[in-house]
Structure formats: structure tokens, C-alpha cells
Amino acid sequence: MAPRNNEELRRKARADYVFRRFTQATIAAAYGLSEATVGRWKKAAKAQGDDWDKARTAHVIAGEGVEAVVSSVVEDFMMQAQSILEEIKNGDHTVQQKVGMLVSLSDAMTKMAASAKRFAPRVSELGVAQDVMGKLLDFVREEFPQHAAAILEIIEPFGEHLTELYAS
């Protein structure tokens, strides 16, 4: 049964976003709306003190626990890190640029690991592994810059190995 008015549509959109974890695009398609409309509703609700994202996170934490949320965030982060590693490997960058990108990624991974460890100790093994990878990248950059190309060949399979070992 289709919602009868705009307010009912907003309530249903919010419920789908918060409780069913639908994306804005999915909600828009389900109700024949534009993504921009759903985005405006979400923004307006936040301005009035109803943050859909916070409500969604609270619902997930209540249902699945903090560790499930942290694991999901770490998994998403690792997928993004893998994309960055692909860009480093296949992109048209100088070796110096690639090393800089690796250092930035390493820093981000270290910070992600520290945050994950605080919120979910179960994820801490992955954090330690990421920290070691970051320290290796820093060490090679500072002590053996001539080996930057070799480290690029090692980092990608090593990152996959870390994911297999600690993210499952």
C-alpha cells in the first residue's frame, strides 16, 4: 500500500533508512522519488535534531553490538585501501608520488586501527597488523628509498593477506 501523503512518505523513508539500512537511492526508487528529495528530507530532519545517521548507528549497535559495527567500518576501510593500492600500482604516478600515497595510506590505516581498538578490542589484531605495515612503509621510505618500487610489489599481496588473516 502506497503512503498517502508527504509526511507518511518521510516517516517510511526514515524507517527504511534507519531500520532496514536502505540507501537513499534505494528509498528513492522504492517510492518514486528523486535521491535529492530523500537527501533534503534527511538534511531537514537533522536540522530539527533528528539525525538519521546517528539513529541508524544506534539501531545497529543495539541489534548487533559495537564490534559488528566496527568490523563493518574496518572492512569498508580495507576495501577503500585496496582501491588506493590499485591506483598506486596501476596509476600514472612517479615513484615519489607513490611512496607519498603509501605513507598517507599507512597513516590512515594506523589511525583506523587505533580507533577500532578503542571501540572493539576483538579487532585489535588487525590493528596491530596494520600498524606493522605502516611502520614498514615508513622505514623503507626513510632508510631505503631506492627500494620503493619493490615495496609496491609487496604491499598489495601483503594487504590481501592481512585481510584474510584478521578480517574474517
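Me: What makes R56 count as lying over the face of Y17?

Reply: Happy to walk through that one. In this predicted model, R56 sits 4.1 Å from the ring centre of Y17. The cut-off for a charge over a ring is within 6 Å of the ring centre and within 35 degrees of the ring normal, and R56 is listed as lying over the face of Y17.

Me: Why is the pair of Y17 and W52 called tilted?

Reply: Their ring centres are 5.8 Å apart, and pairing asks for centres within 6.5 Å. Their planes stand at 45°; stacked needs under 30 degrees and edge-to-face over 60, so what remains is tilted. The structure holds 2 aromatic pairs, and Y17 with W52 is one of them.

Me: What makes this pair a tie between separate parts of the sequence?

Reply: Look at where the partners lie: Y17 is in helix α1 (residues 6-19) and W52 in helix α4 (residues 52-64), so the pair links parts 35 residues apart in sequence.

Me: How do you know whether Y17 and W52 are buried or exposed?

Reply: Buried means under 20% relative accessible area. Y17 has 6% and W52 has 3%, so Y17 is buried and W52 is buried.

How values were computed. Residues are numbered from 1 along each chain as its sequence is written. This is a predicted model: local features need pLDDT of at least 70, side-chain atom pairs count only at pLDDT 80 or more; totals for chains, interfaces and linings use all residues. Side-chain values use heavy atoms; hydrogens and water are left out. Rings of Phe, Tyr and Trp (its six-membered ring) pair if their centres lie within 6.5 Å; planes under 30 degrees apart count as stacked, over 60 as edge-to-face and the rest as tilted. Helices (H or I, at least four residues) and strands (E, at least two) are DSSP runs, numbered from the N terminus. Buried means under 20% relative accessible area, exposed over 50%, partly exposed in between (1.4 Å probe, protein chains only).
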